[in-house]
Amino acid sequence: MTITFPHMGRIYIPVKALFDDLGVPVVVPPPVSKRTLEIGTRISPEMACLPMKINLGNYIESMERGADTIVLTGSCGPCRFGYYGIVEQEILRDQGYEMDVVILDAPGRDPRPLLKQIQRISGSSPWTKIIRAFLNASKIVERVDELADILLRKRPRELKRGESDELQSRFEREVLKCRGSKEMLDFIAVFKEKADSIPERRDASPLRIGLVGEIYTLIEPYVNLNIENKLGSLGVEVHRGITAADWVKTHLSFDLKFKRERKLKLKKCGNYLDLCIGGHAWETIASTVHYADTGLDGVIQILPFGCMPEIVAESILPAISRERGFPVMTLTVDELTGEAGYMTRLEAFVDLLSQKKGKEYEQA
Amino acid sequence: MKIGIPRALLYSIYFPLWKVFFMELGHEVILSNHTNQEILNNGVKICVDDACLPIKIFHGHVTDLIGRVDAILIPRLISIRPEEYICPKFIGLPEMIRYSVPGSPELLVMDYNAYSSEEKGYEGMYRLGRELGSPHSSVKHALNKAGLRQAAYFREMEKGFHPMEIMKRMNHPSERYNTWYKDSFCTNAGLPSKMSAKNSKGTIGLIGHPYLLYDRYINMNICNKLAARGYKIRFPENSTQEKVDGACSRYPKKLFWSYGKRLLGAGLSMMESREISGLILLTSFGCGIDAFIDELLIRANHREFGIPLTTITLDEHTGQAGFDTRLEAFIDMMEWRSRYDNHISPHGAHLYSGQGPV
C-alpha cells in the first residue's frame, strides 16, 4: 500500500509527516502545475468545480509515481466536496486506474467505520502511535501557518524586495527532505527564525487586505495564482480569513477556546447571515464583517466558478460593502483564468484602496 | 394579508402545502405570473452572475410580485428529508433576495428543516403562522390540513402522473381550492394532450430538477414536443422513494442531496427496468449538483445499460431553434437505432439498411 492524497496548499507537509511517523509509504503529488490541471480537466465533468479537477490531476500524477491508495476527507453536504470521493472513484475506474479510495468521513452516530478506515491506512499501527502522529501533524499544520503569517507580514515591509519570497521557495523546496514529524518541526522552527529576522523598513505603513472565500482556492497557490505573494509584492499586508490550521482546529481538535471564538465571530454577522449554508460561506461573511470592524482597507473574495455556497456569499457581500463603505472585490477562478487579467484587477483594486486611504488621510 | 408566492423553484412540488396553509389561516394568496421573458430579464439583471438559471428566475418572480402584495413568501428549504439537504443556494435564498432585490415588501421567510426528523420540518411553518398573528390551534389545524393535501399530491405523483394531470383529476366541484389549482398550474406547464395515448412509440425518461421540468417557459415546452413525436414521458417524481433509495444504494456513500438522489435513483431505476427507450438529462448551466449526478448517471449507463442518452443544458441564452434541433436529432438517432441497429449488411458499407451503398 502506497498512499497519496490531494494537494491543498501546504497541507502536504503535515500529511507527509503523519504517514512517515506511521511508517506507511506515501507519495506526495508533484506540485500542482499546468499538466495537473490539464489531466484533471480532461477527465472531469465540465461543470465540476475546480478543486475536483485538480484533485484528479494530483491522483494520476501520483499514480505515475507508484501510489495505489488515495486518502481524502469527506463531509456530509450540502457542499459538493462531500461527494468528491465517489465521483472521483467512478471516473478513475472508467479511465482504467485501479485505485483504492479511502474517504475519511466525519463520524455520524457510529464512529466505527471511521476508526476502521484510519486503522486501514495507518498500516495497523497501535492506537497510541496513531494518536501521537495525528497530534504531531496538527502541530505542524499550525507551525506552517504561523510561518506563512510571518512571511505575509514581512512581505510588504521587507528591506530587500523578494527576500520573503525567496525564503518561502527555499522552504518549500527543502521541507520534503525531512522525514517524520520531529525533523519537520525542527526544520520549520529554523525557518521561522530566519523569517523573523528578515530586516524591515521602518516607515512602512502598508495597505491591509483580507482574503475570504472558498477554502481550497484560498490556500492553494496554483489555483489563486499565488495571490498572497502578488498582493505582498504590491505592498499589501494580507490577512487570511480562513487557513488550514483553522480547519483542523474546527473539525479535528478539541480546542474549545478556538471554537468559542469562532462561534462568537460567526454570530457577529447575524444580521447578514445566521446559519451555515455549507462550505465556508458563513465564514466568508463573518470574516468580511470582522475585517470591516477591525479597520482593514478592503476584502477580496475568491471562489471557484460554480461554487454553490460562495455564490450566496457573493450576493450578500455588496450589501456589507454598501452599508459600511467597505471595498469588496470578488474574483472567480477556473481552469481558464488568465494571469494578466487577474493581475490587472488586483492592481486596480489596490490602486483604488490606496487612493481612498490617501483621501481619508488628507481629510483628517 | 395578501401574501405573494413566487412561482419558481420548488413551487411546483410544494404548492399544495403552502397554498392551503395560508388560505386556512385566512390570508389571500397571490401568485407571480408564469415565467416569461420579462421575469427572466429582471432576474438576470438583479441576480449575481454566477448563480444558476432557476435562482435568477426566482429573483425575477419576486420582482414580479412587488407592488401587488403585502408580503412575499421566501421558503428556506434547508432539508426536506432527514440527513439530506437540497442545495446551498436554497438555504441562502432569503439572504440572496434580501440583499439583491431592491424595493421588496416584507419578506416572509419560511424555514423548512427536516434534517433531524420529518416532524421537525413543520416547526418553521408553525413559527411563521404564529408570527402572522394566528392562535396556536388554528395554525395547527392549517398545518394538518396542508400536510394532508401535500401527502395526497405526492401519492398521485408516485402513481406516475404529471403534476398537471393531477390537477385535472382533482377537479371535483366540491373542491374548495379548485379554481386556484387550475389557475396555478394547468395553464402553464403545458400538459401534453397525447401523453397518456395508448399508441405511443415508447417512453422517454426526462431527468431534471422540478423547476426545469414543470416550467414550460424554461424548458422550451419539452413535454409537448416529446408528446408531439409520440412519446410518453417518465418524470423523476414518478418513482417512489423506496425505488430511489434502492437504486442509489449501489454507491458506497449516502447521497446527501434530496433532489440529486431522486434524479439519480429515478434515472437508474428507469434504466434498470428497461422501460424507457431514451433518457434526456435536462440541466441548468452551473448546476453544481447535476454536474455530479449526471456524471454518475452517464457513467453507469455507459458501463451497464447502453440506453440512448443526451444532456441538454439550459441557461438564459438558450435559443429555441438550437434546442429543437438537438431534441429532434436525439429522437431521430433513437428511432434509427431501434430500426437499423441489428441490420448488418452482407455487402459492406451501408449507412443503414434502407439505403444503397454509401
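The buried residues of helix 5 (93-100) of chain B pack against helix 14 (308-324) of chain A, and also against helix 2 (37-46), helix 3 (53-65), strand 3 (71-79), helix 4 (88-91) and strand 4 (106-113) of chain B. Seven of the eight residues in helix 5 of chain B are buried, where buried means under 20% relative accessible area, exposed over 50% and partly exposed in between, using a 1.4 Å probe and protein chains only. Among those buried residues are Leu93(B), Met96(B) and Tyr99(B). Helices (H or I, at least four residues) and strands (E, at least two) are DSSP runs, numbered from the N terminus.

A quick note on what you're looking at: this is a predicted model, where local features need pLDDT of at least 70, side-chain atom pairs count only at pLDDT 80 or more, and totals for chains, interfaces and linings use all residues. Residues are numbered from 1 along each chain, chains are lettered from A and ligands numbered from 1 as written, and side-chain values use heavy atoms, leaving out hydrogens and water.

Let's zoom out to chain B. It has 15 helices and eight strands, and buried residues make up 58% of its 358 residues.

Now for the charged pairs. Over all chains there are 46 salt bridges, each being a side-chain nitrogen of Lys or Arg within 4 Å of a carboxyl oxygen of Asp or Glu. In one of them, Arg157(A) meets Glu237(A) at 2.7 Å, N to O. This pair links distant parts of the chain, 80 residues apart: Arg157(A) sits in the loop between helix 6 and helix 7 (163-174) of chain A, and Glu237(A) in strand 5 (residues 236-240) of chain A. Both Arg157(A) and Glu237(A) are buried.

Over in chain B, Asp245(B) and Lys261(B) form a salt bridge too, with their closest N and O atoms 3.1 Å apart. Asp245(B) belongs to helix 12 (residues 241-248) of chain B and Lys261(B) to helix 13 (residues 258-273) of chain B, so the pair ties together parts 16 residues apart in sequence. Asp245(B) counts as partly exposed because its relative accessibility is 28%, while Lys261(B), at 8%, counts as buried.

There's also a salt-bridge network that links Glu90(A), Arg93(A), Asp94(A), Glu295(B), Arg299(B) and Arg303(B).

Key
Contact = heavy atoms within 4.5 Å.
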